[in-house]
Amino acid sequence: MLRFPGQVWWVLPLAALFVTSVLVGLHDLRQTRHAVLRNYPVAAHLRFLLESIRPEMRQYFFEGDKDGAPFARDQRAIVYQRAKRDLDKRPFGTQNDVYKEQYEWLHHSIAPQPVTPVSALRVTVGAAQKQPYSASLLNISAMSYGALSANAIRSLNRGAKAGGFAHDTGEGGVSPYHKEFGGDLIWEVGSGYFGCRGDGGGFDATRFADVASDPQIKMVELKLSQGAKPGHGGVLPAAKVTEEIARIRGVPMGQDCVSPAHHAAFSTPAGLLEFVARMRDLSGGKPAGFKLCIGHTWEFLAICKAMVETGITPDFIVIDGKEGGTGAAPLEFMDHVGMPLRDGLTFAHNALVGIGMRDRIRLGASGKITSAFDMARVLALGADWCNAARGFMFAVGCIQAQSCHTGQCPTGVATQDPLRQRGIVVPDKAERVANFHHNTLHALAELVAAAGLSHPSELKPHHFQRRASSDKVISFAEQYEQMQPGQLLTDPASSPRFGASWAVASAGSFARTG
C-alpha cells in the first residue's frame, strides 16, 4: 500500500475478509452452544454449510432410481411423467431384484380381457342414503388449507373438477379455495371441529348443518386418527392464526388453535356410531363415515360390536396406514406408532366380513399410493377405493424437499409464503392433477385386464404373490387370514387373529374388558 498508494483498491476486500474472519473467530471461541466451533473457529462453519445442502446433494447426485425415502426416484418420476403426459415407459427390463425377499407381483392371465374405460372405474358410496355418491377409485386424500398453500388447494380442486373425482378437505375446514372451482368435496371433521365449532370448542350442530348443506360437499367424514401421528393432537400457535384461518376454522383470534388427541362429542364405540348417524342426518342424507389408523385391534372390534348391537353402520370407513405422511409428526410417532396400511386394511375388511356387514360399508384406503400397482394391491386386500395425498402433491410440483413443516417449501405447495406459492400456476398444475389421475386409472385398468378381469372390484388376495423367503412364495390369501361371513358372530374363537381381541371388546367402551 505504501509502495503503490494509488492502487490499493484490490487490498480492501482482502482486508475486509481478514477482519471479518477475525471477528467470527473471536465470536466462535466465546460462544457456548457449539463445541466444534469453539475448538475449530471459522473452519467449522464449513461443516454447517455442507450439512445444510446434504439433502439436495444426496437427491441430485447420489440417489439411485430405487433409492430415496419416503418415495424413491422411480415412484416420483412416474407421477411427474403421467402428470405431464410424458413417456412413462422404461427400457431394458426391471431394475428390481425379483428373487429378493418381499418382492411382490400380480398373476396375469392367458386370456386377458378388454381394458375397461376410466369413466367406469367408480364405486357407489351410501347407496341406501338420500344422496349417494358415485366416487372415483382414486381421490385426493385429506390435506388442509394451512398445511397446503391456497394455490395448491386451488390446483387440486380444479383438477378434481376436470377429472371427476373427489377432494378431501382435511380437518382444517372448507376454505374458499376448496370451493373456488366447484370440484367434489369430502368434508373431514376432526377433534377440533373446525368449521362446525361452537364457542366453547365443541361440536355445533347448526353450523355443521349449514356447511354440510353445500351441494359441492358430497360426503362427510369424521377423523379419529391419521397415519402420520395416530393418537397425537396438534396445536397451531396463536401467532400463526391469521384472520382468514380463524374465519375458516371458526376459532378466535389471539388464541392457540388446538386439535385434541381425542373427541369430546362421544366416548364409546356406540357413541361414535350415533355421532356418525347424526352427521348423516344433519347433512341431509349424504354418506357419512369415519377415518382412522388401526391401533388396538379390540377397539375396532368394539366398534364392530356396536354396529351389531345398535344396528347403526357408517356408509364408509377410510383406513389410513401409518406410512401416511402429509402431517408433520414427532419421529417416534412417524416411525413406530400405528398399523401399516395393508395390515390395517385386511384387519378392518375381515372384521366387517366376520360380523356380516361388509356389503353395507365401503372401505377407502390411504397410505403411500402413487401407482396403479399400489392401487391394485390394496383393492385386492379389501379396499373399494383409494386416496392419495403425496402423489397429488407431486403432480402439483412437490419435489420431496421435506421442508413442509418449516414454511420454506421451495415449490410453494406446502407454505403460506405468497412469494413462494406464486410459483404454482393454477391452470397448468390443475391439468397435471387431472392427467395424473386419468393416466394412473388407465394403468390400473390395463393391469386388471392383464389379470383376466373386467373390473378392479374383482381383484382378490389370491391374485397377488409375495416372496416370503428365498425358497418360499405365498399368496396374499395365505399371508392374511380370511374370515368367513358371520364367523365372528358364530365362532370367534376359531380365528387366531381375531378371537382374543373379540373376546375383550365391548360396544360400551373402547377399553379392553378382560
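Mentor: Happy to! Lining the largest cavity are 13 residues, and those nearest its centre are Cys 398, Ala 401, Gln 402, Cys 409 and Pro 410. Keep in mind as you look that this is a predicted model. Sorted by class, the lining of this largest cavity is made up of 9 nonpolar and 4 polar residues, with no charged ones. The volume of the largest cavity comes to about 70 Å³, and the structure holds 1 cavity of 30 Å³ or more.

Now for helix H14, which spans residues 372–380. This helix is mostly covered, with 8 of its 9 residues buried. The buried ones are Ala 372, Asp 374, Met 375, Ala 376, Arg 377, Val 378, Leu 379 and Ala 380, so each of them has under 20% relative accessible area. Just after H14 comes Gly 382, with a positive phi of about 130°.

Let's finish with a pair of helices. The pairing of two packed helices is described by the angle between their axes and the distance between those axes. Here the pair is H11 (residues 297–310) and H13 (residues 341–354), whose axes come within 10 Å and cross at roughly 30°. Because of that angle, H11 is roughly parallel to H13. As for handedness, the crossing of H11 and H13 is right-handed.

Notes. Residues are numbered from 1 along each chain as its sequence is written. This is a predicted model: local features need pLDDT of at least 70, side-chain atom pairs count only at pLDDT 80 or more; totals for chains, interfaces and linings use all residues. Side-chain values use heavy atoms; hydrogens and water are left out. Buried means under 20% relative accessible area, exposed over 50%, partly exposed in between (1.4 Å probe, protein chains only). Helices (H or I, at least four residues) and strands (E, at least two) are DSSP runs, numbered from the N terminus. On a 1 Å grid over the protein atoms alone, a cavity is a set of points where a 1.4 Å probe fits but cannot get out, and a pocket is an open set with protein on both sides within 12 Å along at least five of seven lines; lining residues have an atom within 4 Å of a point. Grid points are joined across faces, edges and corners, and a volume is the space filled by probe spheres set on the points. Ala, Val, Leu, Ile, Met, Phe, Trp, Tyr, Cys and Pro count as nonpolar, Asp, Glu, Lys and Arg as charged, and the others, Gly among them, as polar. Axes are lines fitted to C-alpha atoms, for helices over the stretch in contact, and angles run from 0 to 180 degrees between N-to-C directions. Angles under 35 degrees count as roughly parallel, over 145 as roughly antiparallel, 65 to 115 as roughly perpendicular and the rest as oblique. A crossing is left-handed if the near helix is turned anticlockwise from the far one by less than a right angle, and right-handed if clockwise.
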